Amino acid sequence: MDEMPIGVMTWVLGDPFTAVKLAQDVGVETMQLGCPREEYSTGEKLREFKNFVEQSGIRITMIFCGYEGENYADVKSIRETVGFRNPKLRTVRIERTFQISDFAKRLGVKAIAAHIGFVPEDSSEHLFNEMIEVVRKIADYCARNGQYFVLETGQESARTLARFIETVGKDNVRVNFDPANMLYYGSGDPIEALELLIQYIIGVHCKDVKMPSEKQREIEEVSFGEGNVGAERFIRRLNELGYKGPLTIEREVTDPQVQIRDIIKGKKLIEELKKNLATSH
Ligand code: MG
């Protein structure tokens, strides 16, 4: 199999058929599928979707969990609504994650991923231990389904995430590394973080952000290669560290035209960078 195959990441709770078509339209081989709504988990809709995927020529490498009620509008909302931090939302979201794991198994997908919410930097905090328990439960469920449970990076430092995974202590917990998230949440330099987490990384997001300048005050998500991640050194470092998994382009912009344009742009850039790696050996 091709090393570092290119892929796309799609929205959670969207139409899965449209998601697979997006991967076909931009001409990639793999994708991370944002989990569709519950109705696709079983029955006729599942069968139809499974056939569609099989005929598409696209390999789904991971299914991303997302939950009703998550709000990514600002850091405060993310802290309160994303993942498993809020005890009131925890039980129902764990159940939903089990359901997504079953859905992935029916599709033959070996990994499910989630933003579990900011892991506290202080491991003596009560919440740190509560989140450990959540991840153990989900990891055990995934193990029974022959899957990895994958944590997306960025909402905490790489050091905290590595310590968290060690404390969880399950063999099937892995990382999906998103360099743009590291910058967005001020969680440290993504290239340095790669080294700390490489033993766990089975997926990466090729996503980019432009950091604030004098002209502009907000952090802005941009096409991969046009922000502050440093696409070239990111791919080069992954290669040096022996990473062979997919390079999944993530472009979170609501205008589908812009999204397609930027994914194609990102894909061309990654192809170029991969070519340079091959010739520099
Ligand atoms: Mg991401």
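Predicted model: local features only at pLDDT ≥ 70, side-chain atom pairs only at ≥ 80, totals over all residues.

**Cysteines**

I began with Cys35: its sulfur is 5.8 Å from the closest cysteine sulfur, which belongs to Cys65, and that is too far for a bond. Cys35 counts as buried, since its relative accessibility is 1%. Next I checked Cys142, whose closest cysteine sulfur is also in Cys65, this time at 7.6 Å, again too far for a bond. Cys142 is buried too, at 0% relative accessibility. How many disulfides does a search of the whole structure find? I got 0. The cut-off I used for a disulfide is two cysteine sulfurs within 2.5 Å.

**The barrel**

I then traced the strands. There are 8 of them closing into a barrel, in the order β1-β2-β3-β4-β5-β6-β7-β10, with parallel pairing. From one strand to the next I read an average twist of 30°.

I looked up two of the strand pairs in detail. β7 (residues 201-206) and β10 (residues 247-249) pair in the parallel sense over 3 bridges. In that pair, Cys206 stands opposite Ile249 of β10. β4 (residues 111-114) is joined to β5 by 4 bridges, and the two run parallel. There I noted Ala111 opposite Tyr148 in β5. I also asked how enclosed β5 is: 4 of its 5 residues are buried, so the rest of the structure largely encloses it.

**The magnesium ion**

Which residues coordinate the magnesium ion? I listed Glu152 (OE), Asp178 (OD), His205 (ND1) and Glu250 (OE), at 2.1 to 2.2 Å. Written along the chain, the spacing of these donors is E-x25-D-x26-H-x44-E. I checked burial for both, and Glu152 and Glu250 are each buried.

**Arg251**

I moved on to Arg251, which I found in the loop between β10 and α10. Is Arg251 buried or exposed? It is buried, with a relative accessible area of 10%; I was using under 20% as the limit for buried. Its side chain makes a polar contact with the side chain of Glu221, at 3.3 Å. Setting aside residues up to four places away in sequence, I have Arg251 touching Glu221, Val222, Ser223, Val258, Gln259, Asp262 and Ile263.

**Helix α1**

For α1 (residues 16-26) I wrote down the buried residues: Pro16, Phe17, Ala19, Val20, Leu22, Ala23 and Val26. I had the helix rule in mind here: with 3.6 residues a turn, residues three or four places apart point the same way. What do the buried residues of α1 pack against? I found β1 (6-9), β2 (30-34), α2 (43-56) and α10 (256-279).

I also looked at both ends of the helix. At the start of α1, a side-chain oxygen of Asp15 comes to within 3.0 Å of the backbone nitrogen of Phe17. After α1 comes Gly27, with a positive phi near 75°.

**The loop between α7 and α8**

Last, I picked two residues in this loop. Ser187 lies between α7 and α8 and counts as buried, at 11% relative accessibility. The Ser187 side chain reaches the backbone oxygen of Gly154 at 2.5 Å. Leaving out neighbours within four places in sequence, Ser187 is in contact with Gly154, Gln155, Glu156, Ser157, Ala158 and Met182.

Asp189 sits in the loop between α7 (179-184) and α8 (190-197). At 28% relative accessibility, I put Asp189 down as partly exposed. A polar atom of the Asp189 side chain lies 3.2 Å from the backbone nitrogen of Glu192. I also took one distance across the structure: from Asp189 to Leu151, C-alpha to C-alpha, is 18 Å in space, with the two 38 residues apart in sequence.

Note on methods:
Residues numbered from 1 in each chain as written. Heavy atoms only, no water. Pairing = 2+ DSSP bridges. Axes fitted to C-alpha atoms, helices over the stretch in contact; angles between N-to-C directions. Buried < 20%, exposed > 50% of the residue type's maximum accessible area, 1.4 Å probe, protein only. Contact = heavy atoms within 4.5 Å. Polar contact = N/O pair within 3.5 Å; in protein donor to acceptor, adjacent residues only side chain to side chain. Donors = N, O, S within 2.8 Å, 3.2 Å for Na, K, Ca; no water.
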